[in-house]
Amino acid sequence: AAAAEKAAAEAAAAEKAAADKAAAEKKAAEEARYPKELESDEAEAIRLCGLELYERGRAADKPGQVPSPSVKWGVMDAPRVAMSLHAAAVVLDCLKLFMPQLPADLLPFQRAAHRRSNDLAKHMQNYRVGEPILPLEWKPADMSAAVPVPCPPPPALPPSAFPSAPRR
C-alpha cells in the first residue's frame with residue numbers, strides 16, 4: 001500500500017511539474033508576443049487617444065434624440081458622433097496588439113462606443129443615400145481565435161455614370 005501511495009505521489013508531482021512547465025512556456029510565449037517595453041508609451045498613447053475620441057463623441061451625443069433628416073443634429077452632428085464613437089472602439093481595440101485582451105477598465109468604454117455608433121449608423125441608414133457612414137460589420141478582434149478572421153471582400157464598385165457605348 002505504501003508503494004502505491006508513493007507511486008501516486010510521484011505521478012502527481014510529475015503531472016504538476018509538467019503543468020508548471022507548460023504554464024511557464026505559455027507565459028514566455030505571451031511575453032515574446034507582447035514585449036514589456038511596448039506596453040508603456042505606445043499603449044498609453046493609444047489608450048488616451050481612444051478615450052479622448054470616446055469623450056468627444058459622448059459630449060456631442062444626444063442620446064434622447066433619434067437622428068432624423070428634419071433636425072440639424074441628425075444631419076450634421078449625428079454622423080460625426082457615430083464616426084467618433086466608432087473610431088474610439090477601433091482605437092481601443094488596437095490595444096490588443098500590446099496585450100492579450102482589453103483591460104477590464106476599458107472594456108465598458110469600447111462596448112458602449114461600439115453599441116452607440118452602430119445604433120446611430122443604423123438609424124441614419126434609413127434616410128441617408130449611399131454607403132453607410134461606418135462599417136456595421138466591424139466587431140472587436142477576438143485574439144483567442146485559433147485562426148485570424150479573414151477580412152471581408154471590398155464593397156463592389158457602383159456602376160459607372162458613363163457606360164461605354166458598344167462597338168461594332
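The largest nonpolar core in this predicted model has 15 residues, and A82, A113, L120, M124 and I133 are those with the most contacts inside it. Two or more residues come to this core from each of α3 and α4. The biggest contributor is α3, with 7 residues. Apart from this core lies another, made of 10 residues, including L51, L95, M99 and L106.

Let us start with helix α4, which covers residues 107–125.

For α3 and α4, the angle is about 145 degrees and the axes are 8 Å apart. The crossing of α3 past α4 is left-handed. On the α3 side, the residues that meet α4 include W73, A78, V81, A82 and L85; on the α4 side, F109, A113, S117, L120 and M124 are among those that meet α3. Sorted by class, this contact has 13 nonpolar, 5 polar and 2 charged residues.

Which residues does L120 touch beyond its neighbours within four places in sequence? They are D61, P67, W73, A78, V81 and A82.

Two further residues are worth a look, N118 in helix α4 and L53 in helix α2.

| Residue | Relative accessible area | Residues touched |
|---|---|---|
| N118 | 11% | L134 and L136 |
| L53 | 22% | S84, A87, A88 and V91 |

Why is N118 classed as buried? Its relative accessible area is 11%, and buried means under 20%. L53, in contrast, is partly exposed because its relative accessible area of 22% falls between the cut-offs of 20% and 50%.

L53 also gives a handy distance to check in the viewer: its C-alpha atom and that of L85 are separated by 6.6 Å, although the two residues are 32 residues apart along the chain.

Key
Residues are numbered from 1 along each chain as its sequence is written. This is a predicted model: local features need pLDDT of at least 70, side-chain atom pairs count only at pLDDT 80 or more; totals for chains, interfaces and linings use all residues. Side-chain values use heavy atoms; hydrogens and water are left out. Helices (H or I, at least four residues) and strands (E, at least two) are DSSP runs, numbered from the N terminus. The expected span of a helix is 1.5 Å times one less than its number of residues. Axes are lines fitted to C-alpha atoms, for helices over the stretch in contact, and angles run from 0 to 180 degrees between N-to-C directions. A crossing is left-handed if the near helix is turned anticlockwise from the far one by less than a right angle, and right-handed if clockwise. Contact means heavy atoms within 4.5 Å. Ala, Val, Leu, Ile, Met, Phe, Trp, Tyr, Cys and Pro count as nonpolar, Asp, Glu, Lys and Arg as charged, and the others, Gly among them, as polar. Buried means under 20% relative accessible area, exposed over 50%, partly exposed in between (1.4 Å probe, protein chains only). A nonpolar core is a set of buried Ala, Val, Leu, Ile, Met, Phe, Trp, Tyr and Cys residues joined through side-chain atoms within 4.5 Å.
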